[in-house]
Amino acid sequence: MGQTPFEDSQTLRSNLGVLLGETPLFRGLDPALLARIAASAQWLSLPGGAPLFSAGEAADALYVVLSGSLGVMSPDSRAQRRFVARLAAGESVGEMGLISGRPRLFSVVALRNTELARISSKAFNEVLRGEPEAMLRIAQLVVERLEEAEGAPRTHPRGAYTFTILPQSLEVDFAAFSTSLVKALSEFGRAELVWSVRARTHTSQWFNDIEAANDYVVYVADPTPDRWTKLCERQADALLLLARAESPAGSWAALRWPHDHSLTPQRWELVLAHDSEIETGAAARWLVNLPDIPHHHVQTPLDYARLARSLTGRGVGLVLSGGGARGFAHIGAVKALHEAGIPIDVVGGTSMGAILGAGVASRWSVQELTERFRHYFVASRPLRDYTLPFVSLVSGRKVSRMLYEAFGDLAIEDLPLAFFCVSSNLTLGRAHVHRRDALWRALRASVSVPGVLPPVVHGGEVLVDGGAMNNLPVDVMLEMGRGPVIGSDAGADRAFATHGDDIDVPLPWQIMRWVRTRRHLPNIFQILWRTGMVNSNAITAGQRGRADLLLQPPLAEIDMLNWKAFDRAVQVGYEYTSRRLDELPADSPLWRSAGVIGE
């Protein structure tokens, strides 16, 4: 039988000095000073949803969260306010106002039932202003907050991750899903499943104890907006909106803000549970009312492990560059990663890397990748449909047919693994990231080397090869925040070299002799291909340094248009990646994602 709210509060109050001493604000201070701070503090219990203070109010106290959590909201009007930050147990709020003497800049509300220690401005001045060590600690915290406001990351110890499963209806088997997810999470730490029958009558301190005792806590809400569901929503760091993919798309009646997740402190993730094969168009149907949130397909038992990695910052992102025929080295890299047991959870790429990445995101095996790409690029020779060079040297019809044959009507959001590819938007003069709509068309845009293939004109905008602006989009992958990133760069080596000096092409009757004596001159395909990538060299150089593992297989001896070097490129990529993985430090986050080491 659990403690009553009164007993919970009494226990916390009697240990207030100890609790304050464990917070970042007061850690390490003299016990006698902590006792004085505790004696001057007031106890405050705030129910979930209740305001602590509003923007514009006088700063009359600082607060320390003892249990529960607070949400910091932007100072906009109540109808338009936006969530800024979550404050967990042990964190403080309000100290900036006490030091500056200015009104509150933000509004703060209780996200769940919360216990706080309130230190009034009077107590602050009497107890703390005469203590240099305490004031230094507060000043350091203020600087961290200011850095955070300016975009600098603020680091602090990670607490338990809490997830709430919010089923869309009773059609989805949320009991089996919840059990399987907790089992997958338990591979990375202590995980506990909490149902309404077990926790409905407990107090906020009971929930705080459960979360403190585990690395991950999964709450299972009801499909209806009852009291338990609202409590589960407040407890969550992330809401998992669970739906049966094959069902007609519907809304979540229990969501407080059904059409604007920026109003809530939790991140939202759509999870589509499939009965069998992934249904084409199912994701687009469900995402109509949730257009800006990430989604996951759960089809096989392996998908629970992938979902657990993605939710906990262990999801491995693989970014594949363009590079023409050199891009076949990516197949060898994928083979080496599979053999090492390193999972691939999210895939992104540019140009040839985009097409290969789509195959990986489709869960093609290494053998299938090898066979398909040998057929499409070596046997079929898709760049041999020459045309009058009004727009490009090649008509592009063979490439379009090849991509449609490979991926059909599949949309990007239908892929089993999360995927994106990059093209260059000439209309707007910036990189374009494709995350939705027809996969084959997005790949056709990403591989449209200016002058070689005609651009893709879609929605009134002109799209060409992504290598012109971002050939190794590590930054796009990092923005997704799923975990460590592997960058495979097949475009790093010199594209070509030649001998001798030439300025002009000779007269027609001299061309044959000129060709015989200048065998190493680059042809027009090579020139256009390389020209399309040169502009992004500086960007790509910066992207390389942002990857957790950068792969740069030695491909200088393979011409970017030598499709017959297929097997050689694959082997170079495999051998190089295998060596790099052998050299990978034991504490690499990639091994952590693979489950080889713990935290």
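**Salt bridges in the predicted model**

Asp303 and Arg306 both belong to helix α12, which spans residues 302-311, and they stand three residues apart, about one turn of the helix. In this predicted model, the two residues form a salt bridge in which the closest N and O atoms are 3.1 Å apart. Asp303 has a relative accessible area of 1% and is therefore buried. Arg306, at 5% relative accessibility, also counts as buried, since buried means under 20% relative accessible area.

A further salt bridge joins the side chains of Arg374 and Asp567, with an N to O distance of 3.0 Å. Arg374 is part of helix α15 (residues 366-379) and Asp567 is part of helix α22 (residues 566-582), so this pair ties together parts that are 193 residues apart in sequence. Arg374 is partly exposed, its relative accessible area being 33%. Asp567 is likewise partly exposed, with a value of 47%.

The side chains of Glu269 and Arg267 also meet in a salt bridge, at 3.0 Å from N to O. Here the two partners fall into separate classes of accessibility: Glu269 counts as buried at 2% relative accessibility, whereas Arg267 counts as partly exposed at 33%.

Salt bridges also occur as a network, which links Asp60, Arg104 and Arg118. Altogether, the structure holds 15 salt bridges. In general, side chains of opposite charge can pair when their charged atoms come close.

Terms used: Residues are numbered from 1 along each chain as its sequence is written. This is a predicted model: local features need pLDDT of at least 70, side-chain atom pairs count only at pLDDT 80 or more; totals for chains, interfaces and linings use all residues. Side-chain values use heavy atoms; hydrogens and water are left out. A salt bridge is a side-chain nitrogen of Lys or Arg within 4 Å of a carboxyl oxygen of Asp or Glu. Buried means under 20% relative accessible area, exposed over 50%, partly exposed in between (1.4 Å probe, protein chains only). Helices (H or I, at least four residues) and strands (E, at least two) are DSSP runs, numbered from the N terminus.
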